Amino acid sequence: MPEDVAAIDDLIKKVISYNPEADVKLLEKAYAFSSEAHGNQTRIEGSPYIEHPLAVASILADMKMDTTTIAAGLLHDTIEDTKVTVKNIKALFGNDVAFLVNALTKLSRMEFMTKEEAQAENFRRMLLAMAENVRVILIKFADRLHNMKTLEHLPEPTRKRIAAETRDIYAPIANRLGIGWLKIEFEDLSFKFLLPELYEELVKKIAKRKEEQEGYLKGVAVEIEKRLKEENIAGKVSHRIKHCYGIYQKMQKQRITFEQVHDVLGIRIITDTKANCYAVMGIIHSLWMPVPGRFKDYIGVPKSNMYQSLHTTVIGPKGERVEFQIRTEDMNRIAEDGIASHWRYKEKGAINEKDSRYISWLRELIQSQKEFSNAKDFLEEVKGAVIPDVVYVFTPKGDIKELPVGSTPVDLAYSIHTQVGHRCVGAKIDGKIVPLKYHLRNGDTVDIITSPVHGPSRDWLKFVVTQRAKSRIKQWIKTEERKQSIELGTKLLEEDLKRHSLGASMLKSDSMLEIAKSFGIHSLEDLLVSVGYGRLSPHQVINKLLPEKPAEEVTTKTVKPQVEQKGISIKGIDNILYHTAKCCFPIPGDNLVGFITRGKGVTIHNRKCHNLERLAIDDARLVDVEWKQEGDSTYPARLLVETVDKPGILANLSALISSVNVNIRHLEASSTVEKKAHIGFILEVKDKKQLAALMQKIASVDGILRVKR
């Protein structure tokens, strides 16, 4: 196969160009083995399958990886798609190659499902493998990149699913590992398949802008080069184009058009020393006025992925904005290749202390994943850990902490340690007390104040932004609520046992365990929790302990159910206290959900109720509810009406409501300085249909500005 021979020769030449001592025989052997194993297999578009592992190996060579990694790239699909075993790979290519191929095979066998939980579990395992050997993810990156470049051959739903995964997970992780070029390719290719028309439109506009401004930027570059020569400062000046997805993000974030994006094109200057980076910036600022707030020093304070550069935007010739990036050769190499740059001349692939800083965030994640009850929470934590927009703050000892934009002192406290977060009672910024919901700013020195007797507040969930803080707070609340529920459940059952002349020791008996199992509960503690939460009433439990009464006795005595009103059916629960929520006033026809409140039964909410997110820390406390309307029953519903403030408007509304046989239980009215009136009604209605018809009638009245529930 002369074409394939030429392809492997090209691969070997590429590897030797950066690593003359590369183990060429290993690569030739891996190619021959892979080619034979895949035989006549083809890809979906009909090309020989061997082209894919060759392309993956070539991408790894572009990343200047070691031969062990490139050999694993050539072999990465052999166990998955052929009769080859791990033992075969180990015998022929050694432990390192076998480990990488086997790890990649396990990941391939866990291809993403449609269910979010399954997808999250796959990523959890991928990151675990990556923490053990980061080259696993680098090969996976190369595999995904080639698949993205040939994605047009797959059906559209599959294309969009893979593109979304690439944008949401692979691109941010590539960014976190400092591989800038790969992040850009992932994002642009994802954009191309997710929003193809918009992508094509932007590509054309960027090309046109480049053509229009090429001469302008050359003029700016010539001016810079001239000054650098005069100052005897080394420097290579080049143009750069902001990538397509980056421009799209800016347009979305700032709600601007393409024509309003000023920094589509920019200039990059590569110099020889850190000191000269600042000298170059000084020259630029002496030539043109800098734009306030657009200077960023990532050399003094590097990003967590080791990225270092000076960024500044100036008002250049003819009043045009020009963005500059200034860095050294080493900084540029790290900015482009990140952690991958550390394998350029290595054959062992060991992570040294400097390299390990790239994945210290990952090791912390892996450690913390034990605290998450499910993989979905862990995936949210990962997404939070790779978020690109960050602020840098200092601890009192001078340590730098990187947090997402919008973070608060509580987020910082949890990033230090879970117990610091739990015990946080306040914070000082540069010596001054600030609220816990204060948004941290770049350069803040933050001192967290703690108390050993303090615990998290549910209100913190309204303002914390990191998944770590959210998950720790929710866990603490769940644990505390469980403790309280056990105490309350114990107390309620003991009281009922006493009322029936049964000893408290029955709580720990085998009989009670059997009763628990009859309710589908597997431990006595969980039984107490169910009673404490209100999922089960003490009456239901104790009744199973008491001897059955004769049938005639049962017929002469009826038990009144503990309900507020008729018509509501709670799935899986009988004879339990419930009431409707006063925050959303649910009525028949609404989509309902019940929220179990400890010792108070079930509160019925509209599923759209804004309070549900705050209440539902534990999904287990939500129950499905159905409303079966009975007869001519009516139910309270709240209506808010905004009107022009003019005489007679309230009287007209009251008359209209009475004319459709709806009773007004309560009303409140107030006026504003803008000559508007706000009127709140509590009405007695039969169902959602009747209320909707009334709202339509009210909305058509002259002077009515808005009607809502």
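Arg144 is buried in the predicted model, with a relative accessible area of 6%, where buried denotes a relative accessible area under 20%, exposed one over 50%, and partly exposed the range in between, for a 1.4 Å probe and protein chains only. Glu165 is likewise buried, at a relative accessible area of 3%, and forms a salt bridge with Arg144 in which the closest N and O atoms are 3.5 Å apart; a salt bridge is taken as a side-chain nitrogen of Lys or Arg within 4 Å of a carboxyl oxygen of Asp or Glu. Because Glu165 lies in helix α10 (residues 156–176) and Arg144 in helix α9 (residues 135–149), the pair ties together parts that are 21 residues apart in sequence. Arg144 and Glu165 are, together with Arg161, linked in a network of salt bridges. Helices (H or I, at least four residues) and strands (E, at least two) are DSSP runs, numbered from the N terminus.

As the model is a predicted one, local features need pLDDT of at least 70 and side-chain atom pairs count only at pLDDT 80 or more, whereas totals for chains, interfaces and linings use all residues. Residues are numbered from 1 along each chain as its sequence is written, and side-chain values use heavy atoms, with hydrogens and water left out.

The structure holds 25 salt bridges. One of these joins the side chains of Lys676 and Glu642, with an N to O distance of 3.8 Å, and links distant parts of the chain, since Lys676 belongs to strand β19 (residues 676–685) and Glu642 to strand β17 (residues 635–644), 34 residues apart. Lys676 is partly exposed, with a relative accessible area of 33%, whereas Glu642 is buried, at 13%. Another salt bridge is formed between Arg227 and Glu230, the closest N and O atoms being 3.7 Å apart; both residues lie in helix α12 (residues 196–230), 3 residues apart, about one turn of the helix. An α-helix has 3.6 residues a turn, so residues three or four places apart point the same way.

Helix packing was examined for two pairs. Two packed helices are described by the angle between their axes and the distance between the axes; the axes are lines fitted to C-alpha atoms, for helices over the stretch in contact, and the angles run from 0 to 180 degrees between N-to-C directions. Helix α2 (residues 24–38) and helix α4 (residues 67–75) pack at an angle of about 10 degrees, with their axes 8 Å apart, which makes α2 roughly parallel to α4; angles under 35 degrees count as roughly parallel, over 145 as roughly antiparallel, 65 to 115 as roughly perpendicular and the rest as oblique. In this contact (heavy atoms within 4.5 Å), Leu26, Leu27, Ala30, Tyr31, Phe33 and Ser34 of α2 meet Thr67, Thr68, Ile70, Ala71, Leu74 and Leu75 of α4. By class, the contact of α2 with α4 has 9 nonpolar, 3 polar and no charged residues, with Ala, Val, Leu, Ile, Met, Phe, Trp, Tyr, Cys and Pro counted as nonpolar, Asp, Glu, Lys and Arg as charged, and the others, Gly among them, as polar.

For helix α11 (residues 180–194) and α12, the axes come within 5 Å and cross at roughly 125 degrees, and the two helices are therefore oblique to each other. Asp188, Phe191, Lys192, Phe193 and Leu194 of α11 make this contact with Pro196, Leu198, Tyr199 and Leu202 of α12, which by class amounts to 7 nonpolar, no polar and 2 charged residues.

In helix α24 (residues 538–545), the residues Pro538, Gln540, Val541 and Ile542 are buried, and their cover includes α21 (467–499), α22 (510–518) and α23 (524–533).

Several loop residues were also characterised. Lys318, in the loop between β5 (310–315) and β6 (321–328), counts as exposed at 80% relative accessibility, and its C-alpha atom is separated by 9.5 Å from that of Tyr216, 102 residues apart along the chain. Most residues other than glycine have a negative phi. Lys64, found in the loop between α3 (51–62) and α4, has a positive phi near 60 degrees and is partly exposed at 26% relative accessibility. Ser501, in the loop between α21 and α22, also has a positive phi, of about 60 degrees, and is exposed, with a relative accessible area of 69%.
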